[in-house]
Amino acid sequence: MYISRNIKDQVQLYLKLFPVILLTGPRQTGKTTFLLNQLSKYKYVTLDDPAEAERAVNMPQQFLDSLSVPVIIDEVQYAPGLFHYIKSAVDANKKPGSYVLTGSQQFNIMHNISESLAGRCGVLSMLTLSFDELSSQQDISLTDYIVQGGYPALYSDSIMKAAYWFPSYINTYLERDVRNIININNLRDFNRFIRALALRSGQILSLSDLARDVGIAPNTAKAWLSTVESSGIVKLLEPYFFNKGKRLVKSPKVYFTDTGLLCHLIGINSYSELLVSPLSGAVWETYAFCQIFHAFLKEGKINPPLWFWRDRTGNEVDFVIEKGGRYILFEAKLTEKPSKKECKGFTKFEAYYGEGSVIRRSIIAPVNKSFPLEDGITVDNGRLATID
């Protein structure tokens with residue numbers, strides 16, 4: 001069963017604006033299925049095919065000449081030299097929507113885009129299915145979604161259990177993506193690194209602590225974190241500060257981009273197990289982050305104005321969105337009965353940045369419907385289709 005994606009309108013817009021579109025995102029998030037559904041008249045070629053990848057690497061001009069546009073080129077990171085030849089092709093014919101590229105190693109691809117296709121390429125990103133996307137088309141509860149996550153393969157017509165799918169996904173990711181990005185002699189160490197990182201989702205990240213727990217050098221931890229971020233498995237959220245930043249925490253938070261993968265890595269198999277886990281709040285905060293990020297991706301914002309805020313005395317706001325010089329604030333609370341007293345960070349933030357600086361305050365909690373709380377605070381279940 002095909003599940004429609006919220007990004008479809010943005011893709012159609014970019015097809016009219018740019019000769020090249022790049023759709024990035026982690027493996028198995030449905031990029032190819034989505035494009036083949038939306039662009040059924042496009043020719044399709046994948047560089048996951050070793051023969052096609054070899055042609056694209058060794059004979060890039062001949063490879064491009066053999067393709068009739070419009071065309072989808074899947075997993076383009078396997079032929080980084082191809083970007084230069086695509087540039088020449090679109091300079092000769094700037095027809096919008098000629099080339100649609102996909103890739104699952106964002107940093108490497110974006111480097112090639114900035115060098116070869118700046119101004120010629122519209123960049124979009126796709127994560128796993130959001131709760132909004134999935135629940136509007138299938139009967140699934142919020143509690144089931146959090147533990148199972150949003151990878152489309154888990155909701156296809158075939159019956160696939162998360163307990164079997166995630167180990168296979170991790171092994172494939174380690175064997176293919178990781179070894180293609182960096183030279184790792186011992187994948188077991190990297191596997192332990194991923195699991196140690198999962199224990200820190202929703203928390204301020206200390207690379208030195210992470211490196212010590214895994215038994216690797218801090219520089220190695222930094223390189224491996226960059227690899228995981230590049231392939232879209234995690235995202236880093238920077239702290240917000242505006243001039244008065246000397247009093248604020250300046251280390252980033254780390255978030256996994258899918259709560260199902262996160263729950264698998266930390267050994268949570270059901271919502272009842274989540275509720276008694278000491279990591280329950282961090283998992284719920286990760287869920288909230290993912291849904292907010294999805295809302296930005298729907299609008300085509302791959303680097304959204306999203307931060308967290310915390311001062312040296314411990315006052316904090318989980319998510320800060322800057323909009324027109326004012327702010328939207330979110331707190332993630334794993335309780336069905338959130339209260340104003342749990343959100344003193346809202347008051348502290350507004351006192352810090354000025355009365356009237358905040359235009360919206362919202363608590364993301366496991367509730368069925370949104371409702372007002374008090375003092376302009378609303379309670380939301382995180383099914384965020386837009387950010388306003």
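The residues lining the largest pocket divide into five nonpolar, seven polar and six charged (Ala, Val, Leu, Ile, Met, Phe, Trp, Tyr, Cys and Pro count as nonpolar, Asp, Glu, Lys and Arg as charged, and the others, Gly among them, as polar). A pocket is an open set of points on a 1 Å grid over the protein atoms alone, where a 1.4 Å probe fits, with protein on both sides within 12 Å along at least five of seven lines; lining residues have an atom within 4 Å of a point. The model is predicted: local features need pLDDT of at least 70, side-chain atom pairs count only at pLDDT 80 or more, and totals for chains, interfaces and linings use all residues. Residues are numbered from 1 along each chain as its sequence is written, and side-chain values use heavy atoms, without hydrogens and water.

The volume of the largest pocket is about 340 Å³ (the space filled by probe spheres set on the points, which are joined across faces, edges and corners). Among its 18 lining residues, Arg27, Gln28, Thr29, Gly30 and Glu75 are the closest to the centre. Helix α9 gives the most to this lining, with six residues (helices are DSSP runs of H or I, at least four residues, and strands runs of E, at least two, numbered from the N terminus).

Strands β6, β8 and β7 form an open antiparallel sheet in the order β6-β8-β7 (two strands pair if DSSP finds at least two bridges between them). Because β6 (203-204) and β7 (234-237) each have a single partner strand, one side of each is left without a neighbour in the sheet. Ile204 stands opposite Lys253 in β8.

Strand β7 also gives the most to the lining of the second largest pocket, with three residues.
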